[in-house]
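Good morning, and thank you for making time on the agenda.

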Amino acid sequence: MRYLPLVWAAILRKPTRAVLTLLSVMVAFTLFGLTIGLNATFDLMAEKARADRIYTWPRFGGSGVPVAVARQIEAIPGVKAVTAIGFIPGYVQDPKNQAFLIMVDQNAAKVFGDWNISPQMWNAVWKDRTGIVMTRAQAERWHKKVGDTFTMISKAVKRADGRTDWTFKVLAIAEDVPQNSNGFVFGNYDYIDKARPTADQGKVSEVDLLATDPSASADVAQRIDHKFANSATPMQTITEKLARSGNDFGGLDIKAITHGIALAGMFMVLFLTANGIAQSVRERFTEFATLKTLGFSDRAVTAMVVLESALPCILGAALGVGVAAVLARQIPKLMPPNFGIPLPTISPMVILWAAVSAFLVALLSAALPILRLRQMDIATALSGRA
Amino acid sequence: MLRQIFIVSAINLRSLKQRPWASLVVVVGMACVIGVLLSMLSLTEGMLAAYDKTGDPSRALVVSTGALGEGNSSIARDKARLIMDAPGIAKAPDGSPLADAGMNTGVPVYRLNGRQAYNNLRGFGPKGVMLRPEFHIVSGRMFRPGTRELIVGVAAKTQFKGMTVGDKVILPDGEWPIVGSYSTGDLLDGQLVGDTETVMKAVRKTAYNSVLVRLTSPAAFPAFKAALTTNPALAVEPYLQREWYKKIGADMFNFFKVLAYGIGIILAIGALFGCLNTMYAAVAARAREIATLRAIGYGAFPVAVSVILEAVILSVAGAAIGAGMAWALYDGADSAFGSNVFKLSVSPALFGLALIWAVTVALLGGLLPSIRAARRPVVEALRAT
């Protein structure tokens with residue numbers, strides 16, 4: 001640390017270079033934070049995914065399956081709780097603003113017990129049939145607060161009189177869960193069911209359930225698929241753990257893409273800082289010779305060069321990851337919404353990786369100049385002929 | 001003046017090899033920017049190319065009003081017959097309208113990496129093949145109408161398991177054998193095809209999803225559209241097939257474009273700082289040379305131009321490397337998004353884009369250093385060591 005003033009003086013000798021290097025490193029680490037942060041989100045989703053939760057839906061789409069399917073699933077051994085769900089896919093005002101409502105029955109409080117919806121909020125929805133609970137992300141997306149009305153158009157789910165508009169009252173706003181960072185809206189299944197034409201009543205879009213034993217949930221999922229395989233309503237079943245494992249976005253391997261981008265940024269700054277530190281050492285070669293003459297050891301000189309190379313890297317990495325954290329919160333405003341890609345999370349792991357990468361870049365950048373300094377012939381260097 | 005610019009730039013470029021590492025910063029920086037940008041855009045470019053190939057200019061698709069995709073469009077049987085009677089539809093040799101009511105359904109499949117996904121199963125009616133001259137069987141045979149048989153596009157097997165002739169696909173009423181494979185050269189190559197009526201029975205659909213027609217010419221479209229949209233009993237909209245694919249792909253394209261450009265711009269800002277750094281260093285290294293030139297009568301402008309030119313050459317070289325790498329790695333590679341199977345494309349248009357980016361970054365990164373080079377007092381620079 002006592003070399004810090006010397007190193008600081010060396011950096012400030014070329015302030016333009018110092019500032020430009022810092023900015024460049026910062027930008028590369030902003031990208032690093034966003035991309036590796038996105039991986040962190042996928043990892044978090046996989047980690048938070050519940051082993052005992054299972055989703056099952058009609059294998060071939062269509063207009064849904066009879067609610068009796070949910071009751072049949074309840075009877076399967078190993079099933080703890082089952083909620084029948086009707087989706088309302090549609091839009092708000094313009095087809096571009098796609099919205100999606102999840103209408104559930106009272107068992108949802110059990111099946112989604114970990115989704116930050118309090119018993120009071122659930123009770124409000126069971127009492128007020130037109131009521132909905134939305135998460136903060138959705139409330140921000142639609143600019144809603146508690147007490148507002150929310151109207152959407154759904155061509156897929158029509159009312160008995162043929163109308164396609166559905167109006168709800170926002171009863172509560174819940175916190176988001178990491179595994180669903182774009183948010184969700186829950187409503188009362190009973191309401192849409194009664195409002196629909198008789199022919200559509202009693203139909204559900206999906207059945208979600210909990211297994212009694214989390215370690216046996218894959219078996220339960222298989223039992224459900226098997227039970228309905230040859231029925232009029234074949235089902236497609238998946239455990240939440242499996243659905244959230246890996247990081248696949250419509251078939252694209254997110255991890256490979258984000259790693260590639262982050263690596264490109266690191267490669268770019270590696271050349272920049274390596275060149276900067278090499279230049280700096282070259283310019284002050286005679287000075288280093290003087291330091292060695294004065295009795296500075298090779299280790300001391302090495303430490304000074306590493307410090308000079310590491311300072312902009314570490315500072316730039318810290319600033320860059322900070323900017324990424326701020327930018328990550330702005331993404332919903334900048335991106336076309338509802339594409340199902342989650343937001344980056346700047347987790348401790350991301351910060352750790354950024355620090356490791358910054359150190360690696362600094363060390364690699366300093367390696368060659370250090371080698372030159374160690375092998376320097378002091379007499380030649382002092383004479384300025386090196 | 002031009003002569004001066006030429007001479008100063010020539011001297012400058014010859015001195016480049018004295019500062020190879022600093023120059024490499026610009027080259028590597030730009031290679032990274034363009035490599036990443038073009039790799040990401042190869043996805044949208046490839047998808048766009050696949051969409052563009054889909055659709056003869058005189059083919060039109062009729063869907064229900066407001067449908068966001070064929071999947072959520074629904075056309076009842078009686079309406080399909082009405083649509084086929086609309087004016088402007090070309091006639092088959094037997095005098096019947098060249099139109100085919102079609103259906104789509106998602107079929108659960110597994111990607112090659114084992115993940116669950118859906119592929120698209122499309123129904124061909126009696127005119128399905130006649131409407132698509134680009135369609136031909138590559139191996140095996142065509143399905144027989146009325147039987148539980150499917151055929152598969154040649155590209156499906158590059159993304160999904162169980163998509164070759166002899167494999168079986170599970171539908172609600174059991175397993176259907178794949179009896180042949182076909183090629184169309186467009187997005188259909190990633191999908192499955194079966195007989196419309198038979199598949200509809202199996203998946204318990206009563207209404208079609210869309211009606212595909214061949215018009216007598218693209219010019220017949222306005223009249224065709226007017227006939228359909230003014231009929232209150234129909235509630236359908238026709239689209240030229242090409243426009244339709246652009247419409248349903250628009251959100252996805254915009255999303256990926258915003259993503260690619262956003263990341264590209266962030267990286268480019270980093271490269272810009274690197275470029276500024278290098279050019280300032282270059283100007284400092286050339287201080288003596290520049291001052292000498294100025295002393296013997298060369299103007300400030302040619303000196304400034306030579307600095308910018310150096311930045312442009314380094315930047316464009318970097319962009320060429322980045323674009324070359326993106327092309328070598330991804331051009332023509334098999335890819336898929338959702339149920340669309342296509343090939344990535346690093347097209348000439350993307351190379352043009354790379355050139356524009358490279359020159360822009362170089363101009364921004366070379367401008368300030370070039371001003372410093374041109375402004376520096378000659379005497380001071382000559383004295384500097």
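**From a helix residue to the chain contact**

I begin with Ile321(B), which counts as partly exposed because it has 17 C-beta neighbours inside 10 Å. Please bear in mind throughout that this is a predicted model. Ile321(B) is placed in helix H8 of chain B. Which residues does Ile321(B) contact, once its neighbours within four places in sequence are left aside? They are Val27(B) and Ala31(B). Ile321(B) is also 29 residues from Leu350(B) in sequence, and the C-alpha to C-alpha distance between the two is 13 Å.

Helix H9 of chain B covers residues 348-375, 28 residues in total. From first C-alpha to last, H9(B) reaches 40 Å, close to the 40 Å expected at 1.5 Å a residue. Where does H9(B) bend? The bend, of about 35°, is at Leu367(B), and a proline, Pro369(B), follows within four residues.

I turn now to a strand of chain B. Strand S1, residues 59-64, is mostly covered, with six of its six residues buried. In general terms, the side chains of a regular strand alternate between the two faces of the sheet. In S1(B), Arg59(B), Leu61(B) and Val63(B) point one way, while Ala60(B), Val62(B) and Ser64(B) point the other way, and all are buried. S1(B) has antiparallel partners. Four bridges connect S1(B) with strand S10 of chain B, residues 210-214, and there Arg59(B) has Arg214(B) as its bridge partner. Five bridges connect S1(B) with strand S11 of chain B, residues 236-240, again in the antiparallel sense. Within that pairing, Ala60(B) stands opposite Leu240(B).

Strand S5 of chain A, residues 131-135, has four of its five residues buried, so it is largely enclosed by the rest of the structure. With strand S7 of chain A, residues 165-174, S5(A) runs parallel over five bridges, and Thr135(A) stands opposite Ala174(A). With strand S8 of chain A, residues 185-188, S5(A) pairs in the antiparallel sense over three bridges. In S8(A), Val185(A) is the bridge partner of Met134(A).

Two loop residues of chain A deserve a remark on backbone geometry. Most residues other than glycine have a negative phi. Gln93(A) is not a glycine, yet its phi is positive, at about 65°. Gln93(A) sits in the loop between strand S3 (79-91) and strand S4 (98-104) of chain A. Is Gln93(A) buried or exposed? Gln93(A) is exposed, because 10 other C-beta atoms lie within 10 Å, and the limit for an exposed residue is 12 or fewer. Asn116(A), likewise not a glycine, has a positive phi of about 65°. Asn116(A) belongs to the loop between helix H4 (108-111) and helix H5 (119-127) of chain A. With 14 other C-beta atoms within 10 Å, Asn116(A) is partly exposed.

Next, the domains. Chain A is divided into domain 1 (4-46 + 250-382) and domain 2 (50-243), and their C-alpha centres lie 46 Å apart. In chain B, the assignment gives domain 1 (2-52 + 249-383) and domain 2 (55-248), with C-alpha centres 46 Å apart. The contact between these two domains of chain B takes eleven residues from domain 1 and 16 residues from domain 2. On the domain 1 side, H2, H6, S12 and strand S13 (340-343) of chain B each supply at least two residues. That side divides into six nonpolar, three polar and two charged residues.

I close with the contact between the chains. How many residues does each chain give? Chain B gives 42 residues and chain A gives 39 residues. On the chain B side, the elements giving two or more residues are helix H2 (20-53), strand S3 (104-110), strand S4 (116-124), helix H6 (241-285) and strand S12 (334-337). H6(B) provides the largest share of that side, 16 residues. By class, the chain B side has 25 nonpolar, 13 polar and four charged residues.

Key. Residues are numbered from 1 along each chain as its sequence is written. Chains are lettered from A and ligands numbered from 1 in the order in which they are written. This is a predicted model: local features need pLDDT of at least 70, side-chain atom pairs count only at pLDDT 80 or more; totals for chains, interfaces and linings use all residues. Two residues are in contact if their C-beta atoms, placed from the backbone, lie within 7 Å. Ala, Val, Leu, Ile, Met, Phe, Trp, Tyr, Cys and Pro count as nonpolar, Asp, Glu, Lys and Arg as charged, and the others, Gly among them, as polar. Domain bounds come from an automatic or database domain assignment. A residue is buried if 20 or more other C-beta atoms lie within 10 Å of its own, exposed if 12 or fewer, and partly exposed in between; C-beta atoms are placed from the backbone. Two strands pair if DSSP finds at least two bridges between them. The expected span of a helix is 1.5 Å times one less than its number of residues. The bend at a residue is the angle between axes fitted to the seven residues ending there and the seven starting there.
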